[in-house]
Amino acid sequence: MRTSPLPIDTVLRPSQEVAEALAQGAPVVALESTIISHGLPQPRNLEVATELEEIVREQGAVPATIAVLDGVARIGLDHAELKRIATESGLRKLGYRDLPAAAALKASGATTVSATSFLAARAGIRVFATGGLGGVHRQWSDSQDESADLDTLSRTRITVVCAGVKSILDVPATLQRLETRGVTVTGFRTDEFPGFYLHTSGERIDWRIETPQEAAAVMRAQDAFGGPETALIVANPVPLEQQLDPDLHDRVLAEALDAAERKRITGQAITPFLLDYLVRGTDGASLEANLAAVRGNTRLAGQIAASWSKES
């Protein structure tokens, strides 16, 4: 016999601040939690999480850091909950596919881009800030390894402000995949797709916007046309003066790829291995470039959310 579905508030729960902002039509920006639990060392991770929320507030928007705690998707965390994500050992890294199991088994975990995008949209949040997206992995023809981010963004109406896709990936193939899946990609004051740690990947993109207001206008046009509930990507490059040195990036990345091949590291293990190798191989410079990108994306996301809320 088929059982009745769980009430939504048993698996997804906005904080009071986020719920009130959404009810009033105030701007809200979603933030992912994997950068807190898996992307930064303690205690800096909690400091950065707090800093990013403050950046959102400075733009006149409400931050909604998203995570799953004891089986409930929390849309907006208080300081104690942020601290839990930053310090609790054994937290899972949850993609979209993991959410039902986490809810049923009362698990806790940080949300990736795919899970954060879905949960934000499900809660009624339209704008999401992150560092870099997942994408098509190098040697895809052999491994068939592609991030779930792309599939989720092809069926989720969310605006994602990011610094492109992680430079360890196959950027041209990722852009082709986004085009195939109908995901609109715009460059914020750039004609080239950003390279995550780098100001540019060297790949051209078709659409350029100059202001947060133009991003909000594209969002309104998405809704006016209707059609598939695809995402909008606003690709915002890390400033030239804050990017990782391109020569250093290319050298260390080549070493990392060689090391991964020698150790036969594949699947879900490849991304954290390569990113960790880059941090160590650049003496932390890649991490600083990543944080510079995240700060800029969070600031822009707050401005887009404010413009969207004002004119919607």
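In which handedness of crossing does H11 pass H12? The structure is a predicted model, in which local features need pLDDT of at least 70, side-chain atom pairs count only at pLDDT 80 or more, and totals for chains, interfaces and linings use all residues. Residues are numbered from 1 along each chain as its sequence is written, and side-chain values use heavy atoms, without hydrogens and water.

H11 passes H12 in a right-handed crossing (the near helix is turned clockwise from the far one by less than a right angle). Helix H11 (residues 246-262) and helix H12 (residues 270-281) pack at an angle of about 135 degrees, and their axes are 9 Å apart. On the H11 side, the contact (heavy atoms within 4.5 Å) includes Leu-248, His-249, Val-252 and Glu-255; on the H12 side, Ile-270, Phe-273, Tyr-277 and Gly-281 are among the residues involved. By class, the contact has 12 nonpolar, two polar and one charged residues (Ala, Val, Leu, Ile, Met, Phe, Trp, Tyr, Cys and Pro count as nonpolar, Asp, Glu, Lys and Arg as charged, and the others as polar).

A search of the whole structure finds one cavity of 30 Å³ or more (a set of points on a 1 Å grid where a 1.4 Å probe fits but cannot get out). The volume of the largest cavity is about 90 Å³. Of its 13 lining residues (an atom within 4 Å of a point), Leu-31, Glu-32, Ile-35, Leu-52 and Val-294 are the closest to the centre. The largest share of the lining, three residues, comes from H3. The lining divides into seven nonpolar, four polar and two charged residues.

Notes
1 Å grid on protein atoms, 1.4 Å probe; cavity = no way out; pocket = protein on both sides within 12 Å on 5 of 7 lines; lining within 4 Å. Points joined across faces, edges and corners; volume = space filled by probe spheres on them. Helix = DSSP H or I, 4+ residues; strand = E, 2+ residues; numbered from the N terminus. Axes fitted to C-alpha atoms, helices over the stretch in contact; angles between N-to-C directions.
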